[in-house]
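Let's walk through this one together, a stop at a time. Have the structure open and follow along.

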Amino acid sequence: FVASNERRGFYYTTGGGMTEIPTLGAKSSFAFAVNTSDEVAGYDQDDDETGGGFRWTSGGGLTNLGDLGGNVTQAFDINDSGTIVGYATNASGNTRAFRWTSVGGIVDLRTLGGDNSVAFGINNLGVVVGEAQTAGGEYHAFSWTLVGGMVDLGTLGGTGSIARDVNELGVIVGAAETGGGATHAF
């Protein structure tokens, strides 16, 4: 008995239907975001959860985003200028939020003093949002800009928060823990 658990990311248009996005060599691929130029950000993955982040276009195929010294890179969002964000593991096995451009490649956005971070969203102004570990080990929502670096957005009185998206006006949304231990949207 042989079973397969392969999945493929796809790109869909009403005129062209569904187009499969290949992998960089792993078993499965996942597409997470598409911009107005039809560039797709995603990643491929094997059963052991290793794999690489990619940019895909129908005319140019796959571009490997590279890594930060580890064996996992996952891309979650792409803005209209083609800048991609997500996370990659480093040589120590820690997850690090990254920003990728076709000119500068993959860049570690660092943390809030801890070991780990993940970027989930980016707007067209280049504001990146996600969650990062503090020196105390808590995860806090962050925003990041090229000029200002990573900024801790705090919590709603609890110990943790996460930023999931940012619009063109810089409004950030996510979830945060309250002082009473509940999780609320912000």
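Start with β1 and β2, which form a hairpin with three residues between them. Bear in mind that this is a predicted model. Strand β1 covers residues 9-13 and β2 covers residues 17-21; they run antiparallel, and five bridges join them. To get your bearings in the pair, pick out Y11, which stands opposite T19 in β2.

Next, hop along to T83. You'll find T83 in the loop between β7 (69-78) and β8 (84-90). Who are its neighbours? Leaving out residues up to four places away in sequence, T83 touches D77, I78, R99, W100, T101 and I122. The T83 side chain also makes a polar contact, at 3.5 Å, with the side chain of S81.

Our last stop is S161, and this time we're in a strand: β15, residues 157-166. As a general point, side chains in a regular strand alternate between the two faces of the sheet. S161 is at 4% relative accessibility, so S161 counts as buried too. Which backbone atom lies 2.7 Å from a polar atom of the S161 side chain? That's the backbone nitrogen of A141. A141 also turns up among the residues that S161 touches, again not counting those up to four places away in sequence.

Notes. Residues numbered from 1 in each chain as written. Predicted model: local features only at pLDDT ≥ 70, side-chain atom pairs only at ≥ 80, totals over all residues. Heavy atoms only, no water. Helix = DSSP H or I, 4+ residues; strand = E, 2+ residues; numbered from the N terminus. Polar contact = N/O pair within 3.5 Å; in protein donor to acceptor, adjacent residues only side chain to side chain. Contact = heavy atoms within 4.5 Å. Buried < 20%, exposed > 50% of the residue type's maximum accessible area, 1.4 Å probe, protein only. Pairing = 2+ DSSP bridges.
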